[in-house]
Amino acid sequence: AVDCEQLLLPAPLHSQYAEDNGAAAEVVRCILQMQCNNFTAVDYYGKFVAEVCDPVTALMNHSCAPNAAVAWHCPARPGEHICHTVRCLEPLNPGDEVLIS
């Protein structure tokens with residue numbers, strides 16, 4: 001797992017913006033959180049469609065040996081919305097934790 005706090009840029013970047021009262025550090029923190037929590041949506045052929053920011057799905061636990069996967073359904077026409085389904089990769093018992101990659 002990647003710890004976003006460990007990815008923060010070193011002080012020299014922040015020192016260039018000393019007068020911003022920490023705004024540059026906050027922007028960097030937000031960008032890194034998005035990188036850690038966003039999902040890439042691809043079409044049927046594996047072609048990139050969108051970067052999806054879904055705070056509810058981002059709360060799901062990660063595993064290198066997941067038992068579920070998130071399937072994104074990308075709009076085929078303008079005005080349609082991206083949605084997703086979480087699908088089990090193996091049978092789960094009541095109380096099992098759902099883990100995604």
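Start by selecting Cys88: at 51% relative accessibility, Cys88 counts as exposed (exposed means over 50% relative accessible area, buried under 20%, and partly exposed in between, with a 1.4 Å probe and protein chains only). Before you click on, know that this is a predicted model, where local features need pLDDT of at least 70, side-chain atom pairs count only at pLDDT 80 or more, and totals for chains, interfaces and linings use all residues. Residues are numbered from 1 along each chain as its sequence is written, and side-chain values use heavy atoms, with hydrogens and water left out.

Now pick Cys30, which is partly exposed at 32% relative accessibility.

**The whole chain**

Switch to a cartoon view. You'll find three helices and six strands in the protein chain, in the order α-α-β-β-α-β-β-β-β from the N terminus on. Helices (H or I, at least four residues) and strands (E, at least two) are DSSP runs, numbered from the N terminus. Of the 101 residues in the protein chain, 17% are buried. Take the contacts (heavy atoms within 4.5 Å) between residues at least 6 apart in sequence: 41% of them join residues at least 24 apart.

**Helix H2**

Next, select 23–37, which is helix H2. H2 has 15 residues and spans 21 Å from its first C-alpha to its last, close to the 21 Å expected at 1.5 Å a residue; that expected span is 1.5 Å times one less than the number of residues. Colour Ala24, Val28 and Leu32, the buried residues of H2. Look down the axis of H2 and these buried residues fall within an arc of 65°, so they line one face of the helix. The arc is that of the directions from the helix axis to the C-beta atoms.

The closest N and O atoms of Arg29 and Glu26 are 2.5 Å apart. Both residues lie in helix H2, three residues apart, about one turn of the helix. Arg29 is partly exposed at 25% relative accessibility, and Glu26 is partly exposed too, with a relative accessible area of 36%.

**Into the core**

Step along to Asn38, in the loop between H2 and E1. Asn38 is buried, with a relative accessible area of 15%. Not counting residues up to four places away in sequence, Asn38 touches Glu51, Val52 and Cys53.

Now select Phe39, Ala41, Ala50, Val52, Ala68, Trp72 and Ile100, the seven residues of the largest nonpolar core. Such a core is a set of buried Ala, Val, Leu, Ile, Met, Phe, Trp, Tyr and Cys residues joined through side-chain atoms within 4.5 Å. Strands E1 (39–42), E2 (48–52) and E4 (68–73) are the elements that give two or more residues to this core. Zoom in on Ala41: leaving out residues up to four places away in sequence, Ala41 touches Lys47, Phe48, Val49, Ala50, Val52, Trp72 and Cys74.

**Last stop: Asn61**

Finish at Asn61 in strand E3 (residues 61–62). Asn61 is partly exposed, with a relative accessible area of 36%. Beyond its neighbours within four places in sequence, Asn61 is in contact with Glu97, Val98, Leu99 and Ile100.

Notes: A salt bridge is a side-chain nitrogen of Lys or Arg within 4 Å of a carboxyl oxygen of Asp or Glu.
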